[in-house]
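Thanks for coming. I will go through one structure this morning, starting with its charged pairs and then moving to strands and rings.

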Amino acid sequence: IWIGTTDGLCVLQKGQKTFKPYSITKKDLRDNTIFAINSDQAGNIWFGTKDGASRINPYTSELKNYTMEEGLGGNYVYRIFSDSKGNLWFGTAEGITVYSGKSFTNYTIDQGLCHNYIKSIIEDNSGRIWISTNDAGISVYDGRTFSSYSEKEGLLQNHIHSLFKDKDGNIWLGSSRQTLMKFNGSDFISFGLNQAGGSGAD
């Protein structure tokens, strides 16, 4: 189990009962403030920091750092998501970056993204990538183009903190107005603090 802190990494090894600081001997992480952690299909562990991303091979401790110079769209990496095709998606403060394992592709508002400040990333059952933003709602990427949803399309608000896909394929959206929204495939349903599961409310 890996835990990112504002002062580096901690790891709980299999069979151990206590977390220990993870030391890097060959190189340093780009920054000790860790925003995001995920793994790729090869088993490498990726870390998003406020100064780029770092990749660690947990078996050899080999580390490689990535910044805008290597192809990232921005150095503040808040989210890292691994999709079903093996691509890694990096959510930054300056757009979203897709890493195929060989090359980086960057998307911003110029390519149809609704906002450059990325908060969360998930994949739905159809393989579309959902991207929530700081203050412009969400964008959904179908592999070719972006579609965007905001308050005009039924969202309670445009600041979406988190996204989650449940076992039935519904997409849940967490906002900053003490409300929860669910997309059931056709409609956005809103839930207040005192509601659960069943009925939706405006």
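A search of the whole structure, which is a predicted model, turns up 2 salt bridges. In one of them D124 pairs with R128, and their closest N and O atoms are 2.8 Å apart. D124 is buried, at 8% relative accessible area, while R128 is partly exposed, at 28%. The other salt bridge joins the side chains of K167 and D168, with 3.6 Å from N to O. Here K167 is exposed, with a relative accessible area of 79%, and D168 is exposed too, at 54%.

As background, side chains of opposite charge can pair when their charged atoms come close. So what about D166, which is buried: how far away is the nearest side chain of opposite charge? That side chain belongs to K182 and is 6.0 Å away. The cut-off for a salt bridge is 4 Å, and D166 has none. What the side chain of D166 does reach is the backbone nitrogen of D168, at 2.9 Å.

K165 stands opposite I171 of β17.

Most residues other than glycine have a negative phi. Which residue has a positive phi although it is not a glycine? S61 does, with a value of about 65°. S61 lies in the loop between β6, residues 52-56, and β7.

I34 has T49 in β5 as its bridge partner.

Last, the aromatic rings. The count of aromatic pairs is 18. One of them is W89 with Y141: the ring centres are 6.0 Å apart and the planes are at 65°, so this pair is edge-to-face. W89 is in strand β9, residues 88-92, and Y141 is in strand β14, residues 138-141, so the pair ties together parts 52 residues apart in sequence. Are these two buried or exposed? W89 is buried at 4% relative accessible area, and Y141 is buried at 10%.

Another pair is Y149 with F183, where the centres are 6.3 Å apart and the planes are at 45°, so the pair is tilted. Y149 belongs to strand β15, residues 146-149, and F183 to strand β18, residues 180-183, so this pair ties together parts 34 residues apart in sequence. F183 is buried, with 8% relative accessible area.

There is also an aromatic cluster, made up of W46, Y66, F90, Y99 and F104. That is where I will stop.

Definitions and conventions. Residues numbered from 1 in each chain as written. Predicted model: local features only at pLDDT ≥ 70, side-chain atom pairs only at ≥ 80, totals over all residues. Heavy atoms only, no water. Buried < 20%, exposed > 50% of the residue type's maximum accessible area, 1.4 Å probe, protein only. Lys, Arg positive; Asp, Glu negative; His and termini not counted. Polar contact = N/O pair within 3.5 Å; in protein donor to acceptor, adjacent residues only side chain to side chain. Pairing = 2+ DSSP bridges. Helix = DSSP H or I, 4+ residues; strand = E, 2+ residues; numbered from the N terminus. Phe/Tyr/Trp six-rings, centres within 6.5 Å; stacked < 30°, edge-to-face > 60°.
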